[in-house]
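Please look over the structure below before reading the numbered points.

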Amino acid sequence: MQTTEVGQNSEIKQVIGSLCMMNNRFMNFMLDDNKKAAQVFLRVILGDDKIKVRNVRIQSFIQNIYGHSSQLDILAQDSKGRYFNVEVQRSDEGAPARRARFYSSILDTHFLQPGKLYEELPDTYVIFITENDVLHDNLPLYNIRRRIDENAKCFEDGSRIIYVNSQRRDNTALGKMMQDLYCTEPKNLHYHEFAERMEFLKYSKEGEEKMTDVIEEYAARKAEALAKEVAKEAARKAAKEAAKKAEEKEQANRIELAQGLLADGMSIEFTVRHSKLTEAEVRELASKLSA
């Protein structure tokens, strides 16, 4: 039992050690109530070193009584009252343009309270950090705003959508931050605000306890994978057994046919040709019939 527990603990440490910020859940822990780290994120992405984060929350559920509700990965607010929703997407299918549009709209409906003027609607930023360049122009980031077609001027409604291409990992401030997203060791991170948090989460007892649900999620995935493998193995055995029984039945039918042909006086060659048995099998049947 003790050996098993040691093995499990070692495996858990390996799992935690392999986590990076491109893992959605680990990113949540990195930024949960961590204003310094969230501030670095927003300052680098927006190119504004004056942003001051007032609060940051993870997994914020926004209820929409008239339609689709949403759970936002990271939601931060700065000192100017602006809201920033940050989503980490490793799958291209998780970052379609219309999802960004929906998240922008749901922030608007949530943060404009009844009786407030439209002018009081806060500025919102929906930021998708994607593993691949989902917009396919090889840009480090894509700033998306509404504009007037006739004169190409921006239509300043206070909403912004930003796609960050994590594949661009150069030596710019943004590129270094993208490098940090894939880094698993605190000592190798460029930004000390990330390094401090990662050090705590990966190498302290308190941090490990804080990530209990990540470990439970890993255990659940492992149990699911094991269950699937067991089911596959059972299916393989069942298929093999079914094939064996089918072959046995087919062989029995061949023997029965051969016995009938031989009993009717057919030759060995004729019986072999029509029963699909080997000549040795047919001769053995013939010898038994003549005995």
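**Notes on the pocket and the strands**

1. The largest pocket has 19 lining residues, and those nearest its centre are Arg101, Ser104, Arg146, Ser159 and Ile161. A pocket here is an open set of points on a 1 Å grid over the protein atoms alone, where a 1.4 Å probe fits, with protein on both sides within 12 Å along at least five of seven lines; lining residues have an atom within 4 Å of a point.

2. This is a predicted model, in which local features need pLDDT of at least 70, side-chain atom pairs count only at pLDDT 80 or more, and totals for chains, interfaces and linings use all residues. Residues are numbered from 1 along each chain as its sequence is written, and side-chain values use heavy atoms, with hydrogens and water left out.

3. The lining of the largest pocket comprises eight nonpolar, five polar and six charged residues. Helix 4 (97-111) and strand 6 (159-165) each supply at least two residues of this lining; helix 4 gives the most, with six. Helices (H or I, at least four residues) and strands (E, at least two) are DSSP runs, numbered from the N terminus.

4. Why is strand 3 largely enclosed by the rest of the structure? Seven of its seven residues (83-89) are buried, so the strand is largely enclosed. Buried means under 20% relative accessible area (1.4 Å probe, protein chains only). Tyr83, Asn85, Glu87 and Gln89 cover one side, and Phe84, Val86 and Val88 the other.

5. Strand 3 runs parallel to strand 4 (residues 124-130), joined by seven bridges. Asn85 has Val126 as its bridge partner in strand 4.

Methods:
Nonpolar A, V, L, I, M, F, W, Y, C, P; charged D, E, K, R; others polar. Buried < 20%, exposed > 50% of the residue type's maximum accessible area, 1.4 Å probe, protein only. Pairing = 2+ DSSP bridges.
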